[in-house]
Amino acid sequence: MERTKFFMSAIIVGLLLMFGCGSENQNLPVRGKSFTINYNPSQSGILEDLKSITVVYAFDYWGTKGSAKYGKESLFLNVKNPDSGRAFKSVMKKSKQEWTTSIDIPKDVELLSYYFTDGEKFDYNNKKTFVLYITNSKGEIIKNSRFRNIAFLAMAGEDMQTQIKEAEEEISHYPKSWLVYIALWEKKFNTAETMSEIIQLRKDADKQYLSLISKYGERDSIKTIKAGWLFNYERGVGSVVNKQRISARKEFMEVMESIPAENRFGTTEAYFNRLKKYEKMRNEGAKFNKNIIGNPAPDFRFATLDGKSKKLSDFQGNFVLLDFWGTWCGPCVGEIPNLKKAYKKYHDQGFEIISISSDARSGMTEQELKKWVSEKDMKWKQVMDKKDARIQKLYKINKYPTLFLINPEGKVIKVDTGLRGETLDKILDSIYNKN
């Protein structure tokens with residue numbers, strides 16, 4: 001694959017020329033110097049026969065609007081809608097079949113990335129953007145350039161081994177790039193499929209850590225590397241265990257299905273029946289979430305933790321986020337900062353959040369929940385669903401968190417993972433900027 005060759009080949013200069021835009025005259029981006037960007041629209045066919053083309057470019061990274069945690073599409077939001085002040089524009093000049101422009105490379109940057117547009121159509125290089133390492137006057141790649149590029153590799157859909165290789169290349173050239181070690185082991189642990197694999201990876205990580213201590217001394221920056229990889233090792237173990245659990249569950253269900261009902265017995269039958277019930281609930285929830293888009297949100301009456309009686313329909317005229325969650329749920333708690341940010345930013349414009357807790361089913365009291373949300377400074381409307389899970393059943397909830405965004409007409413316009421993380425802020429920003 002040309003992209004992979006670009007990162008790994010010894011003839012880096014020649015391939016950098018090719019990768020930029022396929023022009024033989026492409027310059028290398030050098031710190032503190034001007035850089036000529038050439039573009040031949042006939043290569044992609046996206047921006048042909050136009051009177052004006054603009055290059056939109058950024059240094060190091062586009063912004064924080066999307067996270068790798070939510071996949072390459074989320075990362076791409078940074079390119080489409082970067083943080084204020086991060087992206088720059090330059091109108092290009094046409095010469096025969098090529099368009100060119102010159103930009104200045106600052107003295108403190110590490111990576112250049114860019115795309116082309118006429119204002120309506122966009123050449124994002126197939127969503128990879130055009131990406132180039134920054135070099136020094138000797139043509140040597142600047143420290144952290146490869147590390148910066150890992151996000152773009154992920155956005156381009158490159159496999160984990162390619163991303164790992166990029167981190168290893170950075171460490172090979174710059175052994176004191178401490179943060180790269182953390183990224184490296186995070187990705188290595190994510191590749192493990194079995195416990196034996198991840199245990200061996202931990203041994204390899206510890207061996208590298210001891211080598212760094214021996215070479216550079218027991219400094220805090222190196223301790224931070226170990227803390228980072230231990231954190232990611234723990235997550236990796238959980239992922240491996242979950243993969244093995246899912247595999248065992250699937251095989252268990254297949255074996256139980258092959259046994260006639262009259263011959264099933266004991267705890268295995270009880271577990272089989274519970275799983276069948278859960279599978280039915282999961283399928284019903286997925287069907288409900290799919291069909292509810294564009295339709296009215298089921299109305300319900302509720303009492304907030306501060307004793308006010310309300311109905312969902314009371315909030316028509318506002319955008320409302322229904323948040324089904326629980327204090328016991330790690331991902332739910334992880335979303336609280338995003339909810340706080342959204343509420344603070346958009347509440348005065350009519351945005352409401354109604355968080356519906358499932359904690360009554362685990363024995364938590366309303367007073368305990370009230371104290372918990374107060375300590376977390378969750379100032380929006382808080383509801384504890386009853387032990388019979390009346391509201392959760394109405395919305396076919398079987399996993400947490402599950403979120404529904406409802407428009408002023410009372411119709412659901414978005415569901416679940418598309419409302420998590422920085423994506424929620426982007427959606428609300430587009431809503432309130434239009435309105």
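Arg-148 is partly exposed, at 33% relative accessibility. Here buried means under 20% relative accessible area, exposed over 50%, and partly exposed in between (1.4 Å probe, protein chains only). The model is predicted, so local features need pLDDT of at least 70 and side-chain atom pairs count only at pLDDT 80 or more, while totals for chains, interfaces and linings use all residues. Residues are numbered from 1 along each chain as its sequence is written, and side-chain values use heavy atoms, with hydrogens and water left out.

Arg-148 forms a salt bridge with Glu-110. The closest N and O atoms of this pair are 2.7 Å apart. A salt bridge is a side-chain nitrogen of Lys or Arg within 4 Å of a carboxyl oxygen of Asp or Glu. Arg-148 lies in helix α4 (residues 145–155), and Glu-110 in the loop between β5 (98–104) and β6 (111–117), so the pair ties together parts 38 residues apart in sequence. Helices (H or I, at least four residues) and strands (E, at least two) are DSSP runs, numbered from the N terminus. Glu-110 is buried, with a relative accessible area of 11%.

A search of the whole structure finds 15 salt bridges. One of them joins Asp-206 to Lys-226, with 3.5 Å between the closest N and O atoms. This pair links distant parts of the chain. Asp-206 belongs to helix α7 (residues 195–216) and Lys-226 to helix α8 (residues 220–258), 20 residues apart. Asp-206 is partly exposed, with a relative accessible area of 26%. Lys-226 also counts as partly exposed, at 23% relative accessibility.

Lys-381 and Glu-352 meet through their side chains in a further salt bridge (3.4 Å, N to O). Lys-381 lies in strand β13 and Glu-352 in strand β12, so the pair ties together parts 29 residues apart in sequence. Lys-381 is partly exposed, with a relative accessible area of 24%. Glu-352 is buried, at 10%. Salt bridges that share partners also join Lys-399, Asp-416 and Arg-420 into one network.

Strands β12 and β13 belong to an open sheet of five strands. The strand order is β13-β12-β11-β14-β15, with mixed pairing. The edge strands, β13 (381–384) and β15 (412–415), each pair on one side only. Two strands pair if DSSP finds at least two bridges between them. From one strand to the next, the twist averages 20°. Axes are lines fitted to C-alpha atoms, for helices over the stretch in contact, and angles run from 0 to 180 degrees between N-to-C directions.

Within the sheet, β11 (residues 320–325) and β14 (residues 402–406) run antiparallel and are joined by five bridges. Phe-324 stands opposite Thr-402 in β14. Helix α10 (residues 330–346) packs on the sheet and touches β11, β12 (352–357) and β14. Contact means heavy atoms within 4.5 Å. The direction of α10 makes about 165° with that of β11. Helix α11 (residues 366–375) packs on the sheet as well, touching β11, β12 and β13. Its direction makes about 150° with that of β13.

Helix α5 (residues 160–173) has 14 residues. From its first C-alpha to its last, α5 reaches 20 Å, close to the 20 Å expected at 1.5 Å a residue. The expected span is 1.5 Å times one less than the number of residues. Asp-159 caps the N-terminal end of α5. A side-chain oxygen of Asp-159 lies 3.1 Å from the backbone nitrogen of Gln-161. The buried residues of α5 include Thr-162, Ile-164, Glu-166, Ala-167 and Ile-171.

Note on methods:
Polar contact = N/O pair within 3.5 Å; in protein donor to acceptor, adjacent residues only side chain to side chain.
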